[in-house]
Amino acid sequence: MLGPAIIGRWEWRAFGAGAKAAQRHFDNLTPDGVEESDETYLLSVRSDASVKVREGLLDVKRLVRVSDEGLEQWMPIAKDPFPVAASRLEAWLAELGLDIPLAREAYPLAELLEEVVTPSPDLRTVEAHKTRRRFTVGGCMAELTDALVDGRELRTVAVESEDHDRVLAMLRELDLRPRPNVSVPRALKRLLELGPRRDAVIDAGTNSVKYLLGERAGDGTWRELVDRSEVTRLGEGLAGSGRLEPEPMARTIAAIAAMTDDAWLQGADEIAAVGTAGLRAATNSADFLAAVSDRCGIELEVISGEEEARLSYLAATSDLGTLEGSLLVFETGGGSTQFSFGSGARIDDRFSVEVGAVRYTERFELDDAVDEDRLAEALDAIADDLRPLDHRATPDGVVAMGGAVTNLAAVEHELVTYDPNVVRGTELTVQQLDRLIERFRTRSADERRGIVGLQPKRAEVILAGACIIRTVLEKLRRESLTVSDRGLRHRLLVERFDA
């Protein structure tokens, strides 16, 4: 049993690819010592507490807190020899989130495993043979460990100290980011697929960055834990210069970093990040991708317009259920609009055109009140750029996606607080769109921000977005559309992480 003088240690730990990236910093160092051990971990679906058997002791550590930088402070709270008294064992089961009736006054290890652990559907044991190489660097203890777990090899690197700032300084010296920071119990549960896993998708668009964090249950269903977006205007100035400008890049990278940090802190196992039209068009996209990798520690993939259209179509059709007859799903963005024509879950044709709200906002100064002539010029230009829709057969149904159309629906419903259940499935008619366009046309961006339901940061681009949506319906001779609040991120989450 531990005394009161024990102080919790701040830890950073990486597995797999993260461990390989860190390992090179220790290759030329002589370890302070090398140690081999056999350990039995008790893993719970209800908790990430560290409970293991090592050298005949029940070793328990509790996660005390997580710092803003993502370091974890772990406190050793027990090293009990076997047999373990039932009163002590009840406390350690509580650390694992469990309340299991105990029949004995004390438990030898064999009886603990046979009578308590094995019958519980929420507990599992895993044997690990470890070879640890320990180093002292920057006043911290560092550990490079090779483990054989359930027949699989696993490598981990850890840096720890009682001093939080020393760990951060050591990570900076080693050119390592504090996140992702994965504890041993979480890594073992991921390896053994014990309990739900969490994954995240980040979609960096021309006008906004979207973030989805999902939790996948054992039956394959996904539960959305976080689904939000931030308007960063990455494409601001892109139409004129062909390049991403420094300030929009900085805003967008900061948003991606915050979303990445949130995903790691909430236990994401992996993050998939994609970019769309603005990054396809910009001549300096490589600089942006490198900056995201350096700042956020993730690799952002620029996907094609056709792939963007496919993901959007499948996200919408799975969201709205069975839609009879021919169908068009389109998604408006800041730099492009994606179109997918199909029937049911089948896509017959898909393409992307460079028709985006940011482009027309800047070209025709639609972020301010405009007269009818200026609006007519913008509508004519949008219609000209949407010529790929000319002579298309009128589809039986039209579904629209993206921040513009969901904001239009929220304004129609006068939603003080956005509610996806209200927005999803909303029917918007040509007459409603015309009224909304007139409402935005006669107001400046500041005045539009006072409109109930409109996201304030979309005030500059909402008029252009409404004009694009209205023109699509006109081209296809449709009187209405159905709103979906899904996006490519919802489909990408399923496709990337369902395997």
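This is a predicted model: local features need pLDDT of at least 70, side-chain atom pairs count only at pLDDT 80 or more; totals for chains, interfaces and linings use all residues.

User: Which residue forms a salt bridge with aspartate 150, and how far apart are the closest N and O atoms?
Analyst: Side chains of opposite charge can pair when their charged atoms come close. A salt bridge requires a side-chain nitrogen of Lys or Arg within 4 Å of a carboxyl oxygen of Asp or Glu. The partner here, partly exposed with a relative accessible area of 35%, is arginine 152, and the closest N and O atoms are 3.1 Å apart.

User: What is the N to O distance in the salt bridge of glutamate 354 and arginine 359, and which label does glutamate 354 carry at 53% relative accessibility?
Analyst: The side chains of glutamate 354 and arginine 359 meet at 3.7 Å, N to O. Arginine 359 is partly exposed, with a relative accessible area of 26%. Because the label exposed applies over 50%, glutamate 354 at 53% relative accessibility counts as exposed.

User: Are arginine 486 and aspartate 485 buried or exposed, and how far apart are their closest N and O atoms?
Analyst: Arginine 486 is buried, and aspartate 485 is buried as well. The two residues form a salt bridge, with the closest N and O atoms 3.3 Å apart.

User: Why is the pair of phenylalanine 330 and phenylalanine 339 called stacked, and what is the angle between the ring planes?
Analyst: Three aromatic pairs are found in the whole structure. The ring centres of phenylalanine 330 and phenylalanine 339 are 5.9 Å apart, and both residues are buried. Planes under 30 degrees apart count as stacked, so the pair qualifies with its planes at 20°.

User: Which strands hold phenylalanine 341 and phenylalanine 351, and how far apart are the centres of their rings?
Analyst: Phenylalanine 341 lies in strand E17 (residues 337–343) and phenylalanine 351 in strand E18 (residues 346–353), ten residues apart. Phenylalanine 341 is buried at 10% relative accessibility, and phenylalanine 351 is buried with a relative accessible area of 13%. Their planes are at 25°, so this pair is stacked too, and the ring centres are 6.3 Å apart.

User: Which residues gather in a patch of negative charge on the surface?
Analyst: One member, aspartate 163, lies in the loop between strand E10 (152–161) and helix H4 (164–173). Aspartate 163 is partly exposed, with a relative accessible area of 34%. The patch comprises Asp68, Glu69, Glu162, Asp163 and Asp165.

User: Which residues make the nonpolar surface patch of about 220 Å²?
Analyst: Leucine 63, one of the residues concerned, is located in strand E4 (residues 57–66). Leucine 63 is partly exposed at 33% relative accessibility. The patch is made by Leu63, Val66 and Leu265.

How values were computed: Residues are numbered from 1 along each chain as its sequence is written. Side-chain values use heavy atoms; hydrogens and water are left out. Patches are made of residues with over 30% relative accessible area and no salt bridge: like charges are joined within 9 Å, nonpolar side chains (Val, Leu, Ile, Met, Phe, Trp, Tyr) within 5 Å. Accessible areas come from the Shrake-Rupley method with a 1.4 Å probe; for residues, only the protein chains shown count as cover. Lys and Arg count as positive and Asp and Glu as negative; His and the chain ends are not counted. The place of a charge is taken as NZ of Lys, CZ of Arg, CG of Asp or CD of Glu. Helices (H or I, at least four residues) and strands (E, at least two) are DSSP runs, numbered from the N terminus. Buried means under 20% relative accessible area, exposed over 50%, partly exposed in between (1.4 Å probe, protein chains only). Rings of Phe, Tyr and Trp (its six-membered ring) pair if their centres lie within 6.5 Å; planes under 30 degrees apart count as stacked, over 60 as edge-to-face and the rest as tilted.
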